Amino acid sequence: MFSKIKDLHQTIRMTDEAAQTDVWELFYHAGINGRSAYIRLIFEELGIPYKDMIKCREDTMKYFYSKDKLTGFPVLFPPVIRKGDIQLGQTSVICKYLGEKYGLVPDNEQDKWRADMINTELHDYLAQGRLAFHGIHPTASYFTQVEETKPYIERFAGERIPKYLSYFESVLKYNNGGKGFLFGDKLTYVDLTLFWVLKATEASYPDAWKCADFCPLLKSFRDRIERRPNIAAYLNSDRFVPLENNSMM
């Protein structure tokens with residue numbers, strides 16, 4: 001009898017440990033969504049459990065810059081996801097991996113490659129939009145260079161935003177006249193990335209977004225994704241950290 005109880009306790013312990021390791025761990029700076037937002041949207045849309053591992057600046061230093069930093073395959077900067085032996089960095093790569101793993105990808109090979117292309121374009125646009133707010137020093141806070149970086153912000157708003165948004169509008173229109181998703185008739189990880197890039201554009205470049213009457217399909221698309229039940233619930237939850245209105249973050 002005691003042997004059976006011991007076996008039962010061991011089974012329960014193993015089950016609890018398995019449950020803990022079955023949750024994705026997300027490593028990103030505390031208090032901001034930043035580039036982790038694109039990863040969170042996938043988890044939230046699909047109802048996949050995840051755990052924020054960084055609660056303060058000291059955690060960031062510990063996991064990425066100390067002698068006790070993350071073990072396993074080397075990663076350079078957050079965001080990083082980890083579960084079991086899987087440890088990945090780079091937002092665009094993480095989103096593609098999760099999309100493949102959980103079925104948020106197009107149904108045919110040609111569209112999968114197109115999705116990869118658009119995902120890369122979106123992150124190029126994001127990086128350029130962020131850098132405009134850091135024109136003097138790319139890794140310093142925007143608030144240390146507000147006046148100096150104004151010309152970079154104005155140039156991006158006047159030249160790059162129209163170019164990129166016009167392109168994304170044409171990509172959306174190519175599939176079903178722009179009335180649904182980017183590829184086929186199903187949501188993909190690239191749809192979620194595009195959604196948040198549009199939200200970030202609106203927050204960081206409100207005047208340029210307001211004047212962007214050349215992309216009505218994108219604006220309707222943004223509204224459709226925002227109304228999806230799980231996305232809407234997330235955006236109205238305590239888990240959501242609002243955009244900072246600068247740096248596309």
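# Reading a helix and a sheet

Biologist: Which helices do the buried residues of H6 pack against?

Modeller: They pack against helix H5 (109-131), helix H7 (189-204), helix H8 (206-210) and helix H9 (216-226). Keep in mind that this is a predicted model.

Biologist: And which residues of H6 are buried?

Modeller: Buried here means under 20% relative accessible area. In H6 that gives you Ile153, Phe156, Ile161, Tyr164, Leu165, Phe168, Glu169, Val171 and Leu172.

Biologist: How far does H6 reach from its first C-alpha to its last?

Modeller: You compare the reach with what's expected at 1.5 Å a residue. Helix H6 (residues 150-174) has 25 residues and spans 35 Å, close to the expected 36 Å.

Biologist: Where does the kink in H6 lie?

Modeller: Look at Arg160, shortly before the proline Pro162: the kink there is about 40°. Then, just after H6, check out Asn176, with its positive phi of about 60°.

Biologist: Now the sheet. What is the order of its strands?

Modeller: Read across it and you get E2-E1-E3-E4, an open sheet of four strands with mixed pairing. Strand E2 (50-52) and strand E4 (86-89) are the edges, each pairing on one side only. Neighbouring strands are turned by 20° against each other on average, direction ignored.

Biologist: In which sense do E1 and E3 pair, parallel or antiparallel?

Modeller: Antiparallel: strand E1 (residues 24-27) and strand E3 (residues 80-83) share three bridges. Find Leu26, and you'll see Ile81 of E3 opposite.

Biologist: Which helix lies across E1, E2 and E3?

Modeller: That's H2 (residues 37-46), running at about 145° to E2.

Conventions
Residues numbered from 1 in each chain as written. Predicted model: local features only at pLDDT ≥ 70, side-chain atom pairs only at ≥ 80, totals over all residues. Heavy atoms only, no water. Pairing = 2+ DSSP bridges. Helix = DSSP H or I, 4+ residues; strand = E, 2+ residues; numbered from the N terminus. Axes fitted to C-alpha atoms, helices over the stretch in contact; angles between N-to-C directions. Contact = heavy atoms within 4.5 Å. Expected span 1.5 Å × (residues − 1). Bend = angle between axes of the 7 residues up to and from the residue. Buried < 20%, exposed > 50% of the residue type's maximum accessible area, 1.4 Å probe, protein only.
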